[in-house]
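Here are some notes to read beside the model. Please keep the sequence and the structure open while going through the points.

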Amino acid sequence: MGVLSEDVVVLQHGKKADDPSVITVSCPDKTGLGCDLCRIILEFELCITKADVSTDGKWCYIIFWVVPCLSSMTVRWASLKTRLLSICPSCLVSFYFESETRPKPSQVYLLKLFCFDRKGLLHDVTQVLCELEHLILRVKVSTMPDGRVMDLFFITDGMELLHTKKRQVDTCERLNAVLGDSCISCELQMAEPEYEGFQQGYSSLPSPVAEELFGYKLSNDDRCSQALAPDLTLLKKANITMDNSLSPAYTLLQINCVDQKCLFYDIMRTLKDCNIKIAYSRFSSNKEGHREVDLFIQQIDGRKILDPEIQSVLSSCLKMEILHPFRVVIANRGPDTELLVANPVELSRKGRPRVFYDVTVALKVLGICIFLAEIGRHSMADREWEVYRFLLDDTLGGASFLTFVTIRIYSSAFGYSPQ
């Protein structure tokens with residue numbers, strides 16, 4: 001495979017502190033490239049304020065305007081550029097060959113942490129791993145009766161350097177520095193046998209729980225918005241229209257909806273999974289909390305979307321992923337309070353970025369103790385979901401407090417603060 005030019009990804013910083021930075025990508029095109037670029041940008045905790053996508057089917061030109069999710073955070077721009085370059089098709093290899101090339105799976109590592117428990121421990125570990133560009137695949141956290149905790153994290157390294165001793169030592173030193181006296185031991189090792197066994201050993205969800213978590217369907221008035229996130233005004237209707245009269249070769253897809261942190265990613269992910277090609281897209285500036293998105297699209301065979309049934313299916317998929325990109329169920333189950341959060345897995349087998357981080361930060365802000373946590377995969381209705389399961393402090397309040405916990409989790413993941 002040929003070497004990419006540095007000019008494939010160009011970063012330009014704003015002249016003023018509040019101005020967005022501009023990321024420009026110019027490279028051979030491939031289906032789903034926009035989604036893959038959005039994922040990496042979100043992993044670096046950047047918000048996409050505007051975007052333009054243009055392609056002739058062989059070469060694409062994409063511009064992102066981005067700002068840090070927190071004004072005080074430091075962005076690792078050099079590392080971001082390297083990660084973006086790593087997924088761009090090579091300029092020196094033909095488009096057709098490149099589109100059939102499959103990247104080699106990243107090596108999975110097992111991080112073992114033995115700690116004294118304290119509030120916010122799980123989020124502090126998660127934050128360090130995210131800052132170091134480690135991607136969390138699976139988690140198993142167990143609290144012992146004496147207050148000690150065994151944390152198992154199955155991770156891959158976004159920088160692909162975890163096979164080196166230096167990267168392993170740096171990771172453990174960062175964790176020890178943040179955890180302080182809470183950390184008893186920290187170990188890193190390759191995890192192929194353990195990871196396979198852990199995946200097979202993940203218990204399936206009981207049918208009633210699975211139905212409660214995954215059984216939402218869009219209705220004409222979309223009442224499920226209130227079922228999923230009561231009292232959250234950010235979940236409203238998404239207006240989606242398609243027009244075949246403006247272009248002889250493309251269908252115009254227009255989306256108008258309430259803004260949220262991962263909106264452009266959710267749209268691009270859905271189109272990627274539906275095998276929809278994008279010729280042009282404009283993700284406009286935020287207007288009073290709303291977004292307008294215009295896309296000229298084709299089916300994978302290069303045809304316009306003329307079939308009303310296909311239009312309806314695509315529109316329903318987009319509405320579901322925009323309004324309900326993940327699901328939350330929290331309830332008292334016997335002696336414990338159980339929290340379940342699920343998000344759909346891309347066809348590339350990747351889950352939505354930073355959901356686990358957003359959930360743990362919400363629980364830390366609320367001061368809620370976590371006795372058990374695990375990440376697993378669950379298949380239902382020919383779709384795979386990534387499921388986060390937590391057992392929480394059983395001294396929590398009643399139904400009103402559980403509703404507030406749900407709202408806080410949605411607010412954290414959508415990028416808004418609760419009222």
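1. F356 is buried because its relative accessibility is 5%, where buried means under 20% relative accessible area, exposed over 50% and partly exposed in between (1.4 Å probe, protein chains only). Y388 is buried too, with 2% relative accessibility.

2. This is a predicted model, in which local features need pLDDT of at least 70 and side-chain atom pairs count only at pLDDT 80 or more, while totals for chains, interfaces and linings use all residues. Residues are numbered from 1 along each chain as its sequence is written, and side-chain values use heavy atoms, with hydrogens and water left out.

3. The structure holds 6 aromatic pairs. Rings of Phe, Tyr and Trp (its six-membered ring) pair if their centres lie within 6.5 Å; planes under 30 degrees apart count as stacked, over 60 as edge-to-face and the rest as tilted. The rings of F356 and Y388 form a tilted pair, because their planes stand at 55 degrees, with centres 5.5 Å apart. F356 belongs to helix α11 (residues 355-365) and Y388 to strand β16, 32 residues apart. Helices (H or I, at least four residues) and strands (E, at least two) are DSSP runs, numbered from the N terminus.

4. Strand β16 is part of an open sheet of 8 strands, in the order β8-β5-β7-β6-β15-β16-β14-β13, with antiparallel pairing. Two strands pair if DSSP finds at least two bridges between them. The edge strands, β8 (183-190) and β13 (327-333), each pair on one side only. Between β14 (residues 336-344) and β16 (residues 383-392) there are 8 bridges, and P344 stands opposite W385 in β16.

5. Which residue lies over the face of W385? R383 does, at 5.3 Å from the ring centre. The test is that NZ of Lys or CZ of Arg is within 6 Å of the ring centre and within 35 degrees of the ring normal. R383 also meets E321 in a salt bridge (2.9 Å, N to O), which is a side-chain nitrogen of Lys or Arg within 4 Å of a carboxyl oxygen of Asp or Glu. E321 lies in helix α10 (residues 308-323), 62 residues from R383. E321 is buried at 4% relative accessibility, whereas R383 is partly exposed at 27%.

6. The whole structure has 28 salt bridges. In one of them, R39 meets E346 (3.1 Å, N to O). R39 is in helix α1 (residues 33-43) and E346 in the loop between β14 and α11, so the pair ties together parts 307 residues apart in sequence. Both R39 and E346 are buried.
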